[in-house]
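This report describes a single protein chain for a reader new to it. The sequence and the model are shown first, and the description follows.

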Amino acid sequence: RGSAQKSRILKTLISQLALLLFLSMLAHADQAIDLEAKLKETTESSSSGGKLMEELVDLYWKDEKIFGIIRTTSKFSRAQTENPKRAAMTLKLVEGYTVTGRHDDVIMTGRQFLKIFPGHTLTNRVREYIATAYENTGRGNLAAIQYQTIWENSGSSNQGVKALRLFNQVNNGASFNRASSLAAAMAAKIPATSLLTGVGFQGMHAAERAEQWAEGLQIAKTLIRRNAPMNEIRRQDLWFRTGKFESKLGQFENAIQSYRQALKSKRPDVHSNLIDAMISAKKLPSAIETEAKKYLAAFPKRDDRYSPLIKAANAAAEAKEFTRALTIAENVMRHEVNIQNLLQSYVKWCGENSSLAARGLLKLIAETPKGVGSLRAVLALDVYRDGLKDIAKARSVAYDFLAKSPTKDKWTEEIISFLYSSATGPETFRKDLA
């Protein structure tokens, strides 16, 4: 019985509240009609006209009459040019346009506000509405500029983050430039929290895309100096990016140290970039070779596992350490001959000592590695025919090529052409091919 009584009392209270609300709305409506009528009889630019419009806006705001707000604030902003409340009224007009989805009106009115009140305390709020309108109409770059300006005018870090995200999404050179510069500025000012880490990595990405190496390095060093929080995997990536920026700027000694910091990640690209930096820094060929062997040991199944060793061989040859270069090349060709013109480089590194090239190639042929046909072709044509001028030996190796290891590339055609041109007559050539 007590519960039923409470339910009846509650229903009665709700009904009374609904009636009061309805009567209040009627009262507001009547009051608004009276104020609108008075406004028609008053000059809108006058002091009394301004007060009437203020009262109207207050009523419409309480009753959420958006179109009434838009209509009245538009009049106020246009007519009350000297009124100290003009800026606040114009902001309400922008908010009304935002609620009704009139994005172009938001932008136009907001830009007028910024022109009339450039240093006003409400400018950041107006810029945010403009930015939202630009986003809603697919103009991300313009939205980002507004968010960036808000942050630069003492806005929150979130506004800067929005700008950074939008600049990167626009995905062109100019927007990446803006993102990189903004991230560099933010990284120096925002708290050293996970926010700094996120901003920094977005900024480094933008700097890479815009090829702003110095700015990217500045961001990376800021993250390191300020000890931005991150897990070990991300910290290794930070050191890797630092090394890449330093390499692009020609700071190879620094890059080597950065890449070594990143080696714990056991990423092949880190190790490969370390070797490239060592080569650019003119490190000793023996040191480069040692690092290349470590790469092969770490990544024995990668397609590029021999690439660092070939780079080491080239570095040794450039340093005039031809014996080392030849030894490295022979070790690689025992496994793979047709890789990055290594075979031709091998012959070139032998210089005028074609006999040395012949001995080396014969030794390799005896081990029948993958690509042995190319070894026979180069021995026959480049070494015996062109280097030693020994046509008989060249023809003999050419026979072996056709009998034991013909290839599906240019070598077969060149070998046949050589045998034809060096034959004593058609009968000899036919015997060659028999």
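The chain contains 23 helices and zero strands, where helices (H or I, at least four residues) and strands (E, at least two) are DSSP runs numbered from the N terminus. The model is predicted, so local features need pLDDT of at least 70 and side-chain atom pairs count only at pLDDT 80 or more, while totals for chains, interfaces and linings use all residues. Residues are numbered from 1 along each chain as its sequence is written, and side-chain values use heavy atoms, with hydrogens and water left out.

Of the 434 residues in the chain, 43% are buried; buried means under 20% relative accessible area, exposed over 50%, and partly exposed in between, with a 1.4 Å probe and protein chains only. Among contacts (heavy atoms within 4.5 Å) between residues at least 6 apart in sequence, 52% join residues at least 24 apart.

**Helix packing**

Helix α5 (residues 103-116) packs against helix α6 (residues 123-136) at an angle of about 150°, and their axes are 9 Å apart. Here axes are lines fitted to C-alpha atoms, for helices over the stretch in contact, and angles run from 0 to 180 degrees between N-to-C directions. The angle makes α5 roughly antiparallel to α6, a term for angles over 145 degrees, with under 35 counted as roughly parallel, 65 to 115 as roughly perpendicular and the rest as oblique. Residues of α5 in the contact include His103, Val106 and Phe113, and those of α6 include Thr123, Tyr129 and Asn136.

**Aromatic rings**

A pair of aromatic rings is described by the distance of the centres and the angle of the planes. Rings of Phe, Tyr and Trp (its six-membered ring) pair if their centres lie within 6.5 Å; planes under 30 degrees apart count as stacked, over 60 as edge-to-face and the rest as tilted. By this rule the count comes to three aromatic pairs. In one of them, phenylalanine 240 and tyrosine 259 have ring centres 6.0 Å apart and planes at 45°, so the pair is tilted. This pair links distant parts of the chain, since phenylalanine 240 belongs to helix α12 (residues 232-248) and tyrosine 259 to helix α13 (residues 252-262), 19 residues apart. Phenylalanine 240 is buried at 6% relative accessible area, and tyrosine 259 is buried at 1%. Another pair joins tyrosine 295 and phenylalanine 299, whose ring centres are 5.0 Å apart with planes at 55°, so this pair is tilted. Tyrosine 295 and phenylalanine 299 are both buried.

Charges also sit over rings: NZ of Lys or CZ of Arg must be within 6 Å of the ring centre and within 35 degrees of the ring normal. Arginine 234 lies over the face of phenylalanine 201, 4.3 Å from the ring centre, and lysine 410 lies over that of tryptophan 411, at 4.8 Å.

**Phenylalanine 252**

Phenylalanine 252 lies in helix α13 and is partly exposed, with a relative accessible area of 24%. Leaving aside residues up to four places away in sequence, phenylalanine 252 touches Glu246, Ser247, Ala277, Ser280 and Ala281. Phenylalanine 252 and methionine 278 are 26 residues apart in sequence and 7.2 Å apart in space, C-alpha to C-alpha.
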